[in-house]
Amino acid sequence: MRICPKCGSRINDDAKECQVCEKLKGTDRENYKRTSFFLFFFSLVLASVYVLICAVHGIIRLSSIDNYTFLEYDSLIGSMEPHPAVIVLHYLVFGLLLPLSFGLFIVSIALSRKVKLLIPFTIVGIVAEFSQILMDWRNYLQVFREKDRFLYGIIGMDIFSALLVLFFFGLMIWMLSTDFTISQSRLLIAFGFVLVASRFLLKIYMSDDPEILRFVSATKSYILLSAMLVNSWKRYNDSRNM
């Protein structure tokens, strides 16, 4: 058995073409094309709204820069603040580079079929995770020096979450560098959904911050939205060639 790169259906090894794609004729084929376009358009709109929210949040935070003390720092595991340069790097990445690169990701998907233009966003996503770890690195070391085993679980959760996000972006880079199938993009969506949903529930449980812009940015929904865009983009392009 093999997988159809267009619709994701299973194909017998002795079959020359996908039976599902062959059966999509006339009205069914047009309905599939319309549905593919709608899903692609909906994903673009949803991702654009998210980028706008993150951009507004980033502008509000970065426009207040007059010294290092403006930057809010809130850690669950300690009171040691990061080096000022690390804090500035963190907010530049999340407040400026990430919205800009994700915006480029959306524009590239909407206007171009050049997959390599999508990779800069994944690289910024990886840098963002490293900056997130650096923000708490001093507190990590303090916890281990003081042998506060109660906080080991939180540190492990932070690092494990970062590793999963890094794996997600590595997987996306690999997919974008190859002729990926619609089934692979569906797996990317499932992976992204688990990451974002778990982070969303964790934020609801542990956060008492009423600021909606900060909450939305903290859920890292760009992970799931980027996977949705890749999937709907792949489906839309395949439907145009059917």
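Mentor: Helices here are DSSP runs (H or I, at least four residues; strands are E, at least two), numbered from the N terminus. The model is predicted, with local features needing pLDDT of at least 70 and side-chain atom pairs counting only at pLDDT 80 or more, while totals for chains, interfaces and linings use all residues. Residues are numbered from 1 along each chain as its sequence is written, and side-chain values use heavy atoms, with hydrogens and water left out.

Start with the inside of the helix. Asn139, Tyr140, Gln142 and Val143 are the buried residues of helix 5; buried means under 20% relative accessible area, exposed over 50%, and partly exposed in between (1.4 Å probe, protein chains only). They lie on the same side of helix 5 because they cover an arc of only 165 degrees around the axis, the arc being that of the directions from the helix axis to the C-beta atoms. An α-helix has 3.6 residues a turn, so residues three or four places apart point the same way. Helix 4 and helix 6 are among what covers these buried residues, by contact, meaning heavy atoms within 4.5 Å.

Now the pairing with helix 6. The axes of helix 5 (residues 137–146) and helix 6 (residues 152–176) come within 10 Å and cross at roughly 145 degrees. Such axes are lines fitted to C-alpha atoms over the stretch in contact, and angles run from 0 to 180 degrees between N-to-C directions. The crossing is left-handed, which means that the near helix is turned anticlockwise from the far one by less than a right angle; clockwise would be right-handed. On one side Tyr140, Val143 and Phe144 of helix 5 take part, and they meet Tyr152, Ile155 and Asp158 of helix 6. Of the residues in this contact, five are nonpolar, none is polar and one is charged. Ala, Val, Leu, Ile, Met, Phe, Trp, Tyr, Cys and Pro count as nonpolar, Asp, Glu, Lys and Arg as charged, and the others, Gly among them, as polar.

Last, the cores. A nonpolar core is a set of buried Ala, Val, Leu, Ile, Met, Phe, Trp, Tyr and Cys residues joined through side-chain atoms within 4.5 Å. The largest has 39 residues, and helix 9 gives the largest share of this core, 10 residues. Apart from it lies another core of seven residues, including Tyr140, Val143, Ile154 and Ile155.
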